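Student: I have a new structure open and would like to talk it through with you. Could you help me read it step by step?

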Amino acid sequence: MEAGEKKQALPPAARGVFLAAGIVFMALAGALFSCSEIGMDPLSVLYGGIASVLHIRLGTSALLTGAAVLALLIFRDRKRIGAGTVAVALAIGPLLNLFLDLLPLRPAGWPAQAAVSLMGAAAYSVGMGLYLYADLGCGPIDALMMHFLERTSIRLRAFKVLFDIACVA
């Protein structure tokens, strides 16, 4: 693409396919990270903590958290909500539970756990790439983060670090 040229938008159906595929890969990644038992991203750690306290499944916790954040955005910052925001809030959790049911992985030993975790990282990378390419709005947590960033003097890097620390605390 040359300087000054505009990127052509994908047709709506293609964007929907990329969005759906991205969400499926991200849910698969969450299941693989969970099965590896050697670590998850900070937001998944938060979901795990909520799941443990409420005695619910990891995906159910993700669904409830996403729905709560989506509800907050509806009242506080509707402009941040796109089709992708709603899809992530409502689809990641049920898909995560489905993958946890379908993947009876319990890797034995550190090398197997590392391999499953690396598969999770690869699935997440593919999923995030597809999701971003669809360009249908950010996820609910990211939308909430952008909402707060506009209203504070905190820089994005510092805010993200503080948010991640709060998730695992």
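This is a predicted model: local features need pLDDT of at least 70, side-chain atom pairs count only at pLDDT 80 or more; totals for chains, interfaces and linings use all residues.

Student: Where does Val24 lie, and what does it touch?

Tutor: Val24 lies in helix 1, where helices (H or I, at least four residues) and strands (E, at least two) are DSSP runs numbered from the N terminus. Leaving aside residues up to four places away in sequence, Val24 touches Leu95 and Phe99, a contact being heavy atoms within 4.5 Å. Ala123 is 99 residues from Val24 in sequence, and the C-alpha atoms of the two are 9.2 Å apart in space.

Student: And Val17, is that one buried or exposed?

Tutor: Val17 is found in helix 1 and is exposed, with a relative accessible area of 56%. Its C-alpha atom is separated by 19 Å from that of Phe99, which is 82 residues away along the chain.

Student: Stepping back, how many helices and strands does the protein chain have?

Tutor: The protein chain has seven helices and zero strands, so the pattern along the sequence reads α-α-α-α-α-α-α. The radius of gyration, taken over C-alpha atoms, is 17 Å, close to the 15 Å that the globule rule gives for 169 residues, so the protein chain is as compact as a globular protein of that length; that rule is 2.2 Å times the number of residues to the power 0.38.

Student: What box do the C-alpha atoms fill, and what share of the residues is buried?

Tutor: Taken along the principal axes, the C-alpha atoms of the protein chain fill a box of roughly 55 × 35 × 25 Å, and buried residues make up 36% of the 169 residues. Of the contacts with a separation of 6 or more, 77% are between residues 24 or more positions apart.

Student: Changing topic, how many disulfides are there?

Tutor: A disulfide is a pair of cysteine sulfur atoms within 2.5 Å, and by this rule the count is zero. The sulfur of Cys138 is 15 Å from the closest cysteine sulfur, in Cys167, too far for a bond. Cys138 is partly exposed at 28% relative accessibility, whereas Cys35 is buried with a relative accessible area of 1%.

Student: Which loop holds Glu37, and what is its phi?

Tutor: Glu37 is in the loop between helix 1 (12-36) and helix 2 (42-54), and its phi is near 60°, a positive value in a residue other than glycine. Most residues other than glycine have a negative phi. Glu37 is also exposed, with a relative accessible area of 54%.

Student: What about Asp135, where is that, and what is its phi?

Tutor: Asp135 is in the loop between helix 5 (110-134) and helix 6 (140-151), and it has a positive phi of about 55° although it is not a glycine. Asp135 is exposed, with a relative accessible area of 51%.

Student: Helix 5 came up there, so where is Ala115?

Tutor: Ala115 is in helix 5 and is partly exposed, with a relative accessible area of 38%. Ser125 is ten residues from Ala115 along the chain, and their C-alpha atoms are separated by 15 Å.

Notes
Residues are numbered from 1 along each chain as its sequence is written. Side-chain values use heavy atoms; hydrogens and water are left out. Buried means under 20% relative accessible area, exposed over 50%, partly exposed in between (1.4 Å probe, protein chains only).
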